[in-house]
Amino acid sequence: MSVAPQGITILGATGTIGVNTLDVIARHPERYRVIALTANGNVQRLVEQCQVHRPEYAVVADEALLDVLVQGLEQAGLQTQALAGVDALCHVASLPQTEAVMAAIVGGAGLLPTLAAAKSGKRVLLANKEALVMSGALFMDAVRENGAQLLPIDSEHNAIFQCMPADFQRGLASVGVKRILLTASGGPFRSWQHQDLQAVTPDQACAHPNWVMGRKISVDSATMMNKGLELIEACWLFNTTPDQIEVVLHPQSVIHSMVAYADGSVLAQMGHPDMRTPIAHALAWPERIDAGVETLDLFAVARLDFEQPDLQRFPCLRLAYEAFKTGGTAMAVLNAANEVAVEAFLTTQILFTDIPHLIESVLSSEAIHAADSIDAVLAADANARCAAQDAIQQKPWVKHL
């Protein structure tokens, strides 16, 4: 007896994670069918994806581009329904024919549609770490209360998930876990002297030595804010605190993370730095399917190196630790300030070394409240973005340098 293909909605289909997800899905047409594809503003690529995968819905986040999307779909001879805006993103994340949602929208913009998927009881494949960073307990409560299933896509969190016992939510100590070893490549500037970072260009920051990623996450990797956000995400995903997580620089990006147990065992998940592996793992879990990724050749790898992170070179990691310790809306403020700072760096409004100064300035100036509602989280996000924009103009940290 054949089983009907699983319906998939991809939020952020035109980005790196979305493209890789479609690659894995295309390898298993008998298992998966695409229900909806969404994009922020890349209408041309979205239409091209619709021509290949024939979804029921195509959504563009920017409402001003709806007519362009409609025209593109009509010219391609497609029956795909075009929608636009945040409400439309939430709608396709909640469709009854959608069983799993790949949450791959970059940044805080992914919060509401990803939360909508959780509230609809979907299998949420979480690549949008910012949604969980911002809303934390609210998001995890939505998962539990609505019977949703949360599977991590970030290579590190997916690795941790694979190395954890099934009942880890009871508490790490109760299942014999001593600590989580969260690996980081260190990005392109791991061995640079601190004084040389001021001259870093956007193209240099986006040239990751191991991974192919979008520009925003590439800069986050270069500053190690990405690891800071992942630290916070890991705390929520695995019901723990930063005290039980150790960040380990591993420049080869072969070990994606590790879990250390009370008996002295350390379990590691290894593989090529290819996002199709965690995507395929989460799509098919608990089964295993072909991801199009070759098996790791240990003789070719030859060596594995590990270092402690330098918090002077990577102050963004320190800021993430501090934001989690502060709690409340501090993590939403951290994320919002970082998004504005990264965009300002990419558009050459500030220096690379200004990024942590700007974030710290906003964290110190914004009032922190209880993150007890989505409205409170969204208000903190909006206020922090305004404060960050003001800081770009005023550069209050300059007088302290």
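1. In this predicted model, Asp220 and Lys216 both belong to helix H10, which covers residues 215–223, and because they are four residues apart there, about one helical turn separates them. Their side chains meet in a salt bridge, with a distance of 2.5 Å from N to O, and both Asp220 and Lys216 are buried.

2. A salt bridge also joins the side chains of Asp154 and Lys129, where the N to O distance is 3.4 Å. Asp154 sits in the loop between strand S7 (149–152) and helix H8 (155–163), whereas Lys129 is part of helix H6 (residues 129–135), so this pair ties together parts of the chain that are 25 residues apart in sequence.

3. Turning to another pair, Arg318 forms a salt bridge with Glu360, and their closest N and O atoms are 3.4 Å apart. Here distant parts of the chain are linked, since Arg318 lies in helix H14 (residues 315–326) and Glu360 in helix H16 (residues 354–365), 42 residues apart. Arg318 has a relative accessibility of 26% and therefore counts as partly exposed, and Glu360, with a relative accessibility of 33%, therefore counts as partly exposed too; the reasoning is that partly exposed lies between the limits of under 20% for buried and over 50% for exposed.

4. For the model as a whole, how many salt bridges does the count come to? The count comes to 20 salt bridges, where a side-chain nitrogen of Lys or Arg must be within 4 Å of a carboxyl oxygen of Asp or Glu.

Definitions and conventions. Residues numbered from 1 in each chain as written. Predicted model: local features only at pLDDT ≥ 70, side-chain atom pairs only at ≥ 80, totals over all residues. Heavy atoms only, no water. Helix = DSSP H or I, 4+ residues; strand = E, 2+ residues; numbered from the N terminus. Buried < 20%, exposed > 50% of the residue type's maximum accessible area, 1.4 Å probe, protein only.
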